[in-house]
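Work through the two exercises below with the sequence and the model side by side, and try each task before reading its solution.

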Amino acid sequence: MPESLSLTSPSLSITLLGAGQEVGRSCCVLQYRGKTVVCDVGVHPAYSGMASLPFIDALDWSTVDAILITHFHMDHAAALPYIAGKTGFLDGKGKIYMTHATLAIYKLVMQDYVRMGAHDSLYTAADLSTSLEHIIPVEVHQTIAVCPGVSFTPCPAGHVLGACMFYVDIAGATVLYTGDYSREENRHLVPASLPPSLGTPHVLIVESTFGVQTLEPRADKEVKFLQVVRETLERGGHVLIPVHALGMAQELLLVLEEYWGAHPELDDIPVYYSSNVAKKAMRIYQTFIRSMNENIQSRFANGDNPFVFKHISHLRQVRGVERRIASGPPCVVLASPAMLQKGMSRELLELWAPDARNTVIITGSSTLGTLARDITRKCDSFLGLRGNIIQRKIQVEEISFSAHVDYAQNAEFIESVQAQHVVFVHGQKDTMQRLREAMEVRFRRLGLGKNVQLHTPANVETLKLAIPQERIIRAVGDFTPDPGAVLSGLLVCKDYAWTLVDRKGLSMLDVVQSEIIQSQKVVVECGIETIKLHLEEMLGRVEDVTEAAGLRVLRVMEIVEVIDNGSHELMLRWTSSAVNDMIADAVLALILRASSATNTTGYSHAESRATHGSASQTLRVRGVADFLEAHLGDFELVLSNNASDSASLVAHLDDTQVTVAIDTMRVTCENVALKNRTERIVDMALTTVTPLAQWPRF
């Protein structure tokens, strides 16, 4: 019975090569019915070099059918040049997909990433260029057929510009992979949504960044954020806001631009946006206005470009600019990177940290192992980039504008999707466990405890999930529609869809019929005429023709061709089928019989030496020596000083010498029992190393 029609379907395998019980290096592998799809390939911001990559050795990348990138953040996309250039991915038929907006920003950010050396020499600019050449941009809500049996549909994720969730169909198994997503409409993006037309997926793979934490309402966060900024400026301090170069930075710039516009008394206090890609990024944001919410689109339609700022200045990253800003009057600086590993945000933090008048505002989720996470824990000091200990007196505020779902939003979305399996990713181990326990309680209250299975896999741990599927077979042709009637026809599977057709209906299907040509070489000890005689005697008339290449061909029963290649080598060729294969076996047996017809019919040790005399001398001696040593111990090859005598294999067993002549394979030994045993071993060795066609006929 075909696998697809069996009562038990193959399991869907889900393996996390990153973001399993951790935040960072997102990489999720989906495998089903011989197809492989990878969602995201990021790096871990807390690690460097090879340690920052996903566990790439756990997968043969040449077998991957598609890599789907949800958005441009480093922890979801920065490993792509390495995988494209150094893992064999391009040796296969795999393709890379992301939205148009993601591709535009990814290219900009990654070029800067490589130029600044932030990739720790994992790959070169050439590797990046190679990966960019293989990326296929797609539109949101556009269904893409990757290959037979694999398709996907991007849906808005609301995280950053261009971010999407992927609804993936692999041979009938459907998976919704959210990546980082937000259900809250902010100042420029639409929230995440899943069109009802896509149906209920079998599996939901969802982020768990905030676990069971509930975030403040958006309006309250903005009030608190602006209040902290104003109070810091009024006491003569500086405000540092570490952000990703793109994404949350644009959201906060819109908030600050609106506030400064409504408060003229702040005109003399500068707001700086420091990023190598700031100006180019703004042009990209203006290009993809139609990917944003109605508020932004309506303002743009009325001639008010929201990304042309009047109160915010771009801060060029030139030598000494950090000290000039740090020693200057109060100001607000948005600088990358968000995790404070290095760069402008880290330099300013080290300069401002000893002054209690200053404030650093962490506006997003911070990754374990980064300085951003450490200072939110109110550390008293930290190690500077130059190896010095820096005292922390700067005020630390954590006001999350992170475009991730909190517990309430995540739980509501999980319930609405109604997937049978829910896999939590992108969260610390304890955070994921608390979320899982909370959702189990929630599902029990709703009476769904037995219907939904929750999973929290670790990195490189493979989940095997049973995927229930309907068995639908389309009938094409003249079939009796009576209930209970037995249908007989040809069952055709194409792209994992089954069709039952009768003989007339086969022409209606777009299928390719093929045939298999079999061939078999055989070495013989007799001429082609002897072969022909034996074939005619047993199988009747044999057609004797000459091919264009001048080769003589015996055509048996118009099915099997016996081609004489010369030098006692024949080639059998036929079109494979159950009957044809049986006839070819018969022809081969007759050829071997004819080849051995001149051999003696008796069989003894002495006669076997003559029979096997045509075997390769090197192969024969090596084979016999191996057998003798395996049974009797070490043998030595002894060359005779007399030219008329052959070489011998000699061994000494318990002071008894046994000798085997190389040319005749004759055994000499004073001990009769040892001699007989050695002869049996030689016979067995000769039988093993001699070709089948040279065996004696009994």
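Two strands pair if DSSP finds at least two bridges between them, and helices (H or I, at least four residues) and strands (E, at least two) are DSSP runs numbered from the N terminus. The model is predicted, so that local features need pLDDT of at least 70, side-chain atom pairs count only at pLDDT 80 or more, and totals for chains, interfaces and linings use all residues. Residues are numbered from 1 along each chain as its sequence is written, and side-chain values use heavy atoms, with hydrogens and water left out.

**Exercise 1.** Determine the strand order of the open sheet of 7 strands, and identify which strands stand at its edges.

Solution. Step one: the order reads β7-β8-β9-β10-β11-β20-β21, and the pairing is mixed. Step two: β7 (144-147) and β21 (453-455) each have a single partner strand, so one side of each lacks a neighbour in the sheet. Step three: β11 (residues 203-207) and β20 (residues 421-425) are parallel and share 5 bridges, with L204 having V422 in β20 as its bridge partner.

**Exercise 2.** Locate the second largest pocket relative to the domains, and describe its lining.

Solution. Step one: domain 1 (11-213 + 404-466) and domain 2 (218-398), with bounds from an automatic or database domain assignment, both contribute lining residues, so the pocket lies between them. Step two: α13 supplies the largest share of this lining, 3 residues.

Key: Nonpolar A, V, L, I, M, F, W, Y, C, P; charged D, E, K, R; others polar.
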